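Please find my notes on the contacts in this model below. They go through the domain interface and then the chain interface.

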Amino acid sequence: TEGERGECNLLAPLRTLTTSVCLPIDCPPSGERNEAIAASVDGRHPLSSLYCRKRRTSETEQAGLILPNGTPVDTSSLASSSSLLNRLQLDDDLDGETRDLFVTVEDPKKHVSTMETYITYRVCTKTTRTEFDLPEYSVRRRYQDFDWLRNKLEESQPTHLIPPLPEKFVMKGVVDRFSEEFVETRRKALDKFLKRVADHPVLSFNEHFNAFLSAKDLNKRQGLALLTKMGESVKYVTGGYKLRARPAEFAAMGDYLDLFTQKMGTIDRIAQRIIKEQSEFLMELREYGPVYSSWSSFEEDLHDPLEGVSGCMSNCSSALEELTEDMSEDFLPVLREYVLYIESMKNVLKKRDQVQAEYETKLEAVVFREDKKPPVPSDVEKCQDRVECFNADLKADWDRWENNKRQDFRQLLTGMADKNIQHYEKCLAAWESLVPLLQDKQEAEGETS
Amino acid sequence: MREREMQSRGTDMPTQERKLLLKKMEISVAEAEKRTGKNAVNMQETYTVYLIETRPVDAASEGTNPVPDSLWRRYSEFELLRNYLLVTYPFLVVPPLPEKRAEFVWHKLSADNMDPDFVERRRVGLENFLLRVASHPDLSSDKIFYSFLTEENGWKETVFETGFQAKADSRLKALNATFRVKNPDKRFAEMKHYGDELQSVISQLLRVRARAADRLYGVYKVHGNYGRVFSEWSAIEKEMGDGLQSAGHHMDAYAASVDDILEEEEHYADQLKEYLFYADALRAVCRKHELTQYELEMAAQDLTSKKQQREELATGTIRTFSLKGVTSKLFGQETPEQREAKLKMLETQIEEGEELVKERNAECEEFVKSAWVDIERFKEQKDHDLREALISYAIMQISMCKKGIQVWNNAKECFSKM
């Protein structure tokens, strides 16, 4: 109501470019802010009428990608709307011509030292971005370094969903960490990780990422100095604030992630069971072939056909072995990575809840204060900023995640189908080449008898 | 072997084989039915009977389709027929019956004799048995076999009237006793050894096959779980949903396809089983030959010793140690009259002995001749049949692979639309 509005005049004109820009915390107060392209924060919160209703423009709706710019540390003034819009347009177009950062992971090499043996990968960068000193870089990184990068990104960009890394630990004895297949699978996953970060309009500007790509020696103790302001602010959001009502779309995200995790778990179990059954079938197949061979040893006319069958079975055994190995090495790890990824996503959702809860609590305290002291601490404003930024970032990243997830699973499942097809094709070739052999003999027999 | 196959082989055969029953008569085991009745000890029992249908070949080819003659027989009557043939033609490799109890089963198949799948496979096996006998150059003209196919009532009595039972019993007794042949026939010894090896290897094969079938069943069926989870998953997805859902259907189809695959494989297993039992029949022939030879050797040995006795008696010298010799030494020799009588008896015995040896020798020779002809025939049949079986097994595997490729291609298409 207007009366309420009058009381909370600090809130009324608050408009931020929440969908497109995450403003720095020390941004000038409401009066100087511009009309914005924004999304509504909450529809069901009891105090929601006190929030400014923010509209989503059709532009951002169609684009689907809502692009926050998240490096407030070195950000120049964002007051002018035109510069904001410029940034919007730049960040909108990711595919093709306007991409200005290319990253690849290649050339794995084994390093043996007295202390340990490990693999390094070459990380090549080509860029026109001014944030980089040189247009090209080539550095060597090991898994540990990728892990460091991801942790740093999580810390410094807590409102974003950070792409997943391949699993850190592998069971020694079960998987050979230095086998060609394992290293190649890992390389592909690391490459995907870096590409996803490089394609992200916010994460790609992160200084840790920059260091990772460019620094000769990665000084991993640099941490704290490069923590973004946003990171800091979110980091120090304490729990203990009660969230009244999670906005529907974030509740839906949480629910979805829970169900999705369940399904991933089920699929993992099924895949493992299939591998087990196939391995046991393989064991029998390995016995089956040799029996035909031993039979052939005391037959005359049937010697060649029986040997032929034995040979076929042996080929089928190899084909099946390859299939089970591939599924173990390529399929299962990707599923597991997604489950781990979802854990980190849920944490981001929780943090978002905390940020919102803090805001609501502080807002309530202000709203229901008996005294009508006019000046209002910018504390609540800051909280609101945080909420809006977080929501915008998360929504944008969620869409990005949905897209990547679709691609990943399409690739994974078609890969699974391909492997099975290849297995059957190998077996088919073996049996098909046997039949004419068997039938030839038969015709020869018919002629002589 | 199917009837048609047998008939087609028949067109290349010499004239005598055209007298094969199968050339004149169509035989089939058309149906199976359950019956209940009182058995020998007056207890209620349930058993299965099989309908044997016969029809002259000419009638069918004339375009008219007369109703076939038919009668019902149970498994035990088939067994009786086979036992009769075994005893009457010990030198022939008598076709085997399908197994009495289900063996080498994998989990899905029931080991229960009343199970409809088992009964159906038995029906096929019994028909196969009749066709084999009817296409055998010697067995097909047997009268008892003919009346088995055509005379429902009184057939059992007719069989027993042949007195084969007595022969069977004495033979059985002799075969079960351990005996050593002095000069074993090399060919038969080799054949027996082959029979042993064949039996052993096919048993092994059937055992592994059953285990493999179990496992393969598991592999396919678990894929059905993908069907279910993809369906559930598709419910929480927007764009991916359709692709997942339809891929799930293909996974269900994949899981279901294993039933047909394994049913076909069962047919292959049955073909192997037939030769497992044939191996036994082959060994039986070799064993019976051994017995024949042993009996010959015994007769010969007996004759030799009698001749020796005669010589000793005639010349008065005792060359061989014998109780008689000792007692005569101790208690004095016999009177000339006693000796004369003894000599005469020996002469008769020797005459009889020589006759027996001649008889047994002829028997042995006849046995060897007939047996070896049949063994050669059996060898050819075995090589042909098993090669055919291997070809159809390979074709089965090819079909299975092609189906697999198709299903996974379908699923792949669905995934690519995700």
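**Notes on two interfaces**

1. Chain A is divided into domain 1 (99–216) and domain 2 (248–436), with bounds that come from an automatic or database domain assignment. This is a predicted model, in which local features need pLDDT of at least 70 and side-chain atom pairs count only at pLDDT 80 or more, while totals for chains, interfaces and linings use all residues. Residues are numbered from 1 along each chain as its sequence is written, chains are lettered from A and ligands numbered from 1 in the order in which they are written, and side-chain values use heavy atoms, with hydrogens and water left out.

2. The centres of domain 1 and domain 2 of chain A, taken over C-alpha atoms, are 21 Å apart. In the contact (heavy atoms within 4.5 Å), domain 1 of chain A takes part with 19 residues and domain 2 of chain A with 21 residues.

3. About 1800 Å² is buried between domain 1 and domain 2 of chain A, 52% of it on carbon and sulfur atoms. Buried area is the accessible area (1.4 Å probe) that two parts lose on being put together, summed over both. On the domain 1 side, A:T159, A:L161 and A:R196 lose the most area to domain 2 of chain A, together 36% of what that side buries.

4. Two salt bridges link domain 1 and domain 2 of chain A; the term means a side-chain nitrogen of Lys or Arg within 4 Å of a carboxyl oxygen of Asp or Glu. A:R196 and A:D408 meet in a salt bridge through their side chains, at 2.7 Å from N to O.

5. Turning to the two chains, 55 residues of chain B are in contact with 55 residues of chain A. Chain B and chain A bury about 5600 Å² between them, and carbon and sulfur atoms give 72% of this area. B:R215, B:Y226 and B:R387 supply 13% of the area that chain B buries against chain A, more than any other three residues.

6. How many salt bridges does the rule find across the interface of chain B and chain A? There are 11 salt bridges between these chains. A:E277 forms a salt bridge with B:R215, and their closest N and O atoms are 3.6 Å apart.

7. Which helix of chain B gives the most to the side that touches chain A? Helix 9 of chain B does, with 24 residues. Helices here are DSSP runs (H or I, at least four residues), numbered from the N terminus.

Note on methods: Helix = DSSP H or I, 4+ residues; strand = E, 2+ residues; numbered from the N terminus.
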